[in-house]
Amino acid sequence: MTRNSPSRSPRRRRPRHDPATRIVFASVGVGLIAIGVIGAFLPILPSTVFFIAAAACFARSSPRLERWLLRHPRIGPAIRAWRANGAISVPAKFAAVAGMASGYLVFWLTVRPEPPLAVVLAVVLMACAAYVLSRPSGPNSP
């Protein structure tokens, strides 16, 4: 077979970015990792979302760092499930919705917002919770 044979499928390659773009993506990825680590210790800040975004940045800048994230024993499974199926595990869904509800409660009790602000924030958080709950829980979920 020749190299340009139509029966042979070409390998998919990621688009190559210039060095400056790769540095920007890598820097943003490292920053997202830092926020994700902070979020692991603060109940009001989700961490998985930042790790998923960091993996996307590393996919465009550093295959080695992307591989590290995907193979990480704690972070990797959630990123792989998201990439493969857009899936969020049931415990993660529970934690996300509970975090939104408790964050809203803390906001309500400490800020004492005016009704329009309270309603807008409640609607935004309910939309976010609905999105999280609508995601599949695993590869066999609808």
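**Reading a helical model**

Modeller: The protein has six helices and zero strands, where helices (H or I, at least four residues) and strands (E, at least two) are DSSP runs numbered from the N terminus. This is a predicted model, in which local features need pLDDT of at least 70 and side-chain atom pairs count only at pLDDT 80 or more, while totals for chains, interfaces and linings use all residues. Residues are numbered from 1 along each chain as its sequence is written, and side-chain values use heavy atoms, with hydrogens and water left out.

Biologist: At roughly what angle do the axes of α2 and α4 cross?

Modeller: Two packed helices are described by the angle between their axes and the distance between the axes. Here the axes of α2 (residues 48-59) and α4 (residues 76-85) come within 10 Å and cross at roughly 70°, the axes being lines fitted to C-alpha atoms over the stretch in contact, with angles from 0 to 180 degrees between N-to-C directions. The two helices are therefore roughly perpendicular to each other, a term that covers 65 to 115 degrees.

Biologist: Which residues of α2 and α4 meet?

Modeller: With contact meaning heavy atoms within 4.5 Å, T48, F51, I52, A55, A56 and A59 in α2 meet A78, I79, W82 and R83 in α4.

Biologist: How many disulfides does the structure hold?

Modeller: A disulfide is a covalent bond between the sulfur atoms of two cysteines. The structure holds zero, counting pairs of cysteine sulfur atoms within 2.5 Å.

Biologist: Is C57 buried or exposed?

Modeller: C57 is buried, with a relative accessible area of 10%, whereas C128 is partly exposed at 37%; buried means under 20%, exposed over 50% and partly exposed in between, using a 1.4 Å probe and protein chains only.

Methods: Angles under 35 degrees count as roughly parallel, over 145 as roughly antiparallel, 65 to 115 as roughly perpendicular and the rest as oblique.
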